[in-house]
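Hi,

Here is the structure I said I would pass on.

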Amino acid sequence: MRRLLFLLKKEFRQIVRNPFMLRAIIMVPLLQMLILVPAITFEIKRLDLAVTDNDRSSASRELISKLAGSTFFKTTAAPMNIAGAEELLLSGDADLVLIIPNDFSEGLSGMTKPRLQVLVDAVNATQAMLAWSYLTSVVRDYNMDLVMATGAAPATIPGITTSPRYWYNPTLNYKHFMLPGVLVILIIAIGLMLAGLNLVKELETGTLEQINVTPIRKWELIISKVIPFFILGLLDLALGLTVGWIAFNIPFEGSILLFFACSAIFLVAVLGMALFFSTLVSNRQQYLFVAFFFTMIFVLMSGIFTPSESMPRWAQQFNWVNPVAYLMRINRMVMLKGAGFSDIARDMGILSVLAMGFISLAIRGYRKRA
Amino acid sequence: MKRFMAFVRKEFLHIFRDVRTLVILFGIPASQLLIFGYAVRTDLKNASIAVLDNARDNVSNDLIHKLEASDFFTISNRLDSYDEIDATFKKGKIKAVVIFPEDLSATLTREGHATVSIIADASEPNTASLVTGYTSGIMNDYSATLTKQATSGLPVIIPEVRMYFNPNLESHFMFVPGIITLVLILLSALLTSVSIVREKEFGTMEVLLVSPLKPWQIIVGKVAPYFFLSLFNVIIILLMAWFVFKLPVRGSIALLIAECMLYILMGLSFGILISTIVDKMENAIIITFMVLLLPGLLLSGFIFPIENMPKIYDYVSMIMPPRWFIEIIRPIMIKGAGFAYVWKETLILAGMTLFLIVLSARKFKVRLEETAR
Amino acid sequence: MEREKVIEVKDLVKRFGSFTANDRLTFDVYRGEIFGFLGANGAGKTTAMRILCGLSRPTSGKVTVAGIDSHNPEEIKKRIGYMSQRFSLYEDLTVNENIELYGGIYGMTMREIRPRREELLRRLSFTGFSDSLILALPLGLRQKLAFAVALFHEPEIVFLDEPTSGVDPVTRRQFWEMIYETASRGITVFVTTHYMDEAEYCDRITIMNEGRIVALDTPTALRELYGTASVEELFVKIARPQRINA
């Protein structure tokens, strides 16, 4: 036991001696919080709408002003023809182009059916679909006006409208959504990257060989490597949370204790992963790539940016063993919805099992190494 | 010259002997393509919603049917009272609740107008707005059929849409250029800096510096393999995208490759620059991650469009090469744009690259002189 | 005088698959000896030494180190010291911190460590360096310090793996004085080296070749036996470099 204390002293001394490491430990949470959280958003601002008005009648101008007046669109250029319209799409100067044919107002008096063409830049498919749906809702409004102008009573135009309400995040503030996610990335950065690199370094520089000759037990060595980064990870989490709270006024509905408890379990899982990976490689460069590879996969699949429920079956099955997916869910439920222990008990339980699983993988890997 | 070639050969051998790294290097783009192609969805599919039907009439049944039938939703709960909503949300199973008021049909017949409430779980704002957007779309469709019946003969306009560049509305079109950007940073910047710093750490760099090899030969020799490796990786990515997703390169492949080479050069010089600043491998990794990789991933427009971020990010991202690179290769790959559309961005990228080369060359020389002392 | 054996090796065999690295080694080491372990590269020295240090187990045979059987490596490790060929001290820790660490690892308390550390530093004339990072020390100083650290917990036996490689002649000389001094205190020194002149300094030496012991005696006796003027000549005569296994 005393041996462990001496080892821990050494680990902390080494960490403190490396200025880069120290700076990283403090700066990483700060930077991530302050820079990443506000940036990551799927909110769509106003789209650039270009209109070619071949009719130039009061009817067409009416339509255009309706579009310009909506909060979704920002009218920009007025291309001469289809070729001009396509140019705008190609150069990215317009997100969509509306082409009003020259028989627009004629068609409205019932002579011909005017074709209203909409060309949409669909590179970003979601944006394209939303653009189209905004446009059709404005057109629908316009249609309503037309119909009412013919004198028909509003009641003859039946319609069901929806009235949305948003719970837990009424302003649809993306930061509320992303903050828990960024906190998770924070833990992974410290736990997987820093801890693992530290471990592999001893292997690479040969100091591990010296340790092997001493009475230090394998488990003592492993614990001495894990504890400092465990503590640092939790400290960084607290730091990140504080920064997030101060900078963005993120509400914290649930129990902070529960939050930290789950994060701690997650951290153990991550450290177990780090240990396990370190048994697979022979130098830090390899470790870097192995760790990065798995981190990318686990993080992207976890539902941090997009909901994991929308993923195909195989992806959701993969997430059964993805610790990041669990913490992501738990964090959001606890922080934003105030979920209690009973709500997340199952997730927490599985996460603990995963943590133990990774640790045992790591221990097995270390035994083999010897 | 022969000495130089021998050195370059050694560097190549180093890399190819490290099978593990090599496997991962090709595994990363492959896995990313799969994930972005199939798993990560910015759209809605089979989102679980609950229904609180206080009306229980034809209209509500019709609407519930329509919701169920759509690809976007799956109705997983039928609730009986308003009080159940909070608890159900807390369990995290459903994304929204659709509430049909008691007198739905009656109000509709009498006033021609009725309102259905949607309560969305906005802890995932993106999902929440998509849910409300799509449910109102479905309601609108229903209204439209009602309207059509009521207004047949009346003039209304029906717009037609043409989706350009991506007629099937695949979400992975956006991502492949981003994946290329990411992978190239990893390969050209990270690997280079790590490999040079490693030689420094183990002292073999000094051996090289004392040899007859000139400093420029050492540097070029060190980065040459990564240049080719990166290029090779890009080609593999493009091939995979083509075979797996039928994602073509609409524009000129030669132009695409040329721009990639420029970007690779940028990454390599960045890597060299980093290696002159740090002494330990961990530090090289930390810097490259914080300065190039994470911002490149999240702030360059790869996943999250820059237009949607606060204005200041737009300005800051202007000094980030990945941002410009994505603005170059996306149009080329997906829209088929030619050089005329990207010359400005290319110039900027080239300028940045030149700056990095000059800076790193100068720093390297300074370091050299220091060690010579 | 009955000399006490601190290391007893009888018919030690170590096989890796079909390759026999140690082929029925038998030798003893006595307390307070300076025992030189020589052999060409690949002869099996390192393998044998690893077994003695408790780092690996024999395939067969009986090995007893400091009275402990090799099947109980944890106990062996407590009684021995080791100085590895590569750097054994942490470069980013100071002299003081390294000594403290190894003292603690071997079960000493801070109260025990402090006075002994001061005395050690004084003896080596290191007191000015006590707060310097190992990184800042020249190689010769590092080697001496590493040796002192290996002895800090007063083990019965200390294993030195090519301790003087890369070190200047003056430092080498000083190092061997330290070894003599250690041996005179009753600590057994088990040293491997490629420097043949150092072999002359040992009480007894053994030469390994292709997994077997081909010589075991005092340097003088061996020289007489083979009729060579120096151990070096003797070595060249009987220790053929290991052929690379096809």
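Start with two helices of chain B, α10(B) (residues 253-277) and α11(B) (residues 281-298): their axes come within 10 Å and cross at roughly 135 degrees. Angles over 145 would count as roughly antiparallel and 65 to 115 as roughly perpendicular, so α10(B) is oblique to α11(B). The crossing in which α10(B) passes α11(B) is right-handed. Keep in mind that this is a predicted model.

Which residues make that contact? On the α10(B) side you'll find Phe270(B), Ile274(B) and Ser275(B), and α11(B) brings Ala284(B), Ile287(B), Thr288(B) and Leu292(B). Sorted by class, the residues where α10(B) meets α11(B) come out as five nonpolar and two polar, with no charged ones.

Chain C puts 18 residues into the contact, and chain A puts in 17 residues. On the chain C side, α2 (73-79) and α3 (95-105) each supply at least two residues. Which element of chain C gives the most to the side that touches chain A? That is α3(C), with four residues. As for the make-up of the side of chain C that touches chain A, there are nine nonpolar, six charged and three polar residues.

Cheers

Key:
Residues are numbered from 1 along each chain as its sequence is written. Chains are lettered from A and ligands numbered from 1 in the order in which they are written. This is a predicted model: local features need pLDDT of at least 70, side-chain atom pairs count only at pLDDT 80 or more; totals for chains, interfaces and linings use all residues. Two residues are in contact if their C-beta atoms, placed from the backbone, lie within 7 Å. Ala, Val, Leu, Ile, Met, Phe, Trp, Tyr, Cys and Pro count as nonpolar, Asp, Glu, Lys and Arg as charged, and the others, Gly among them, as polar. Axes are lines fitted to C-alpha atoms, for helices over the stretch in contact, and angles run from 0 to 180 degrees between N-to-C directions. Angles under 35 degrees count as roughly parallel, over 145 as roughly antiparallel, 65 to 115 as roughly perpendicular and the rest as oblique. A crossing is left-handed if the near helix is turned anticlockwise from the far one by less than a right angle, and right-handed if clockwise.
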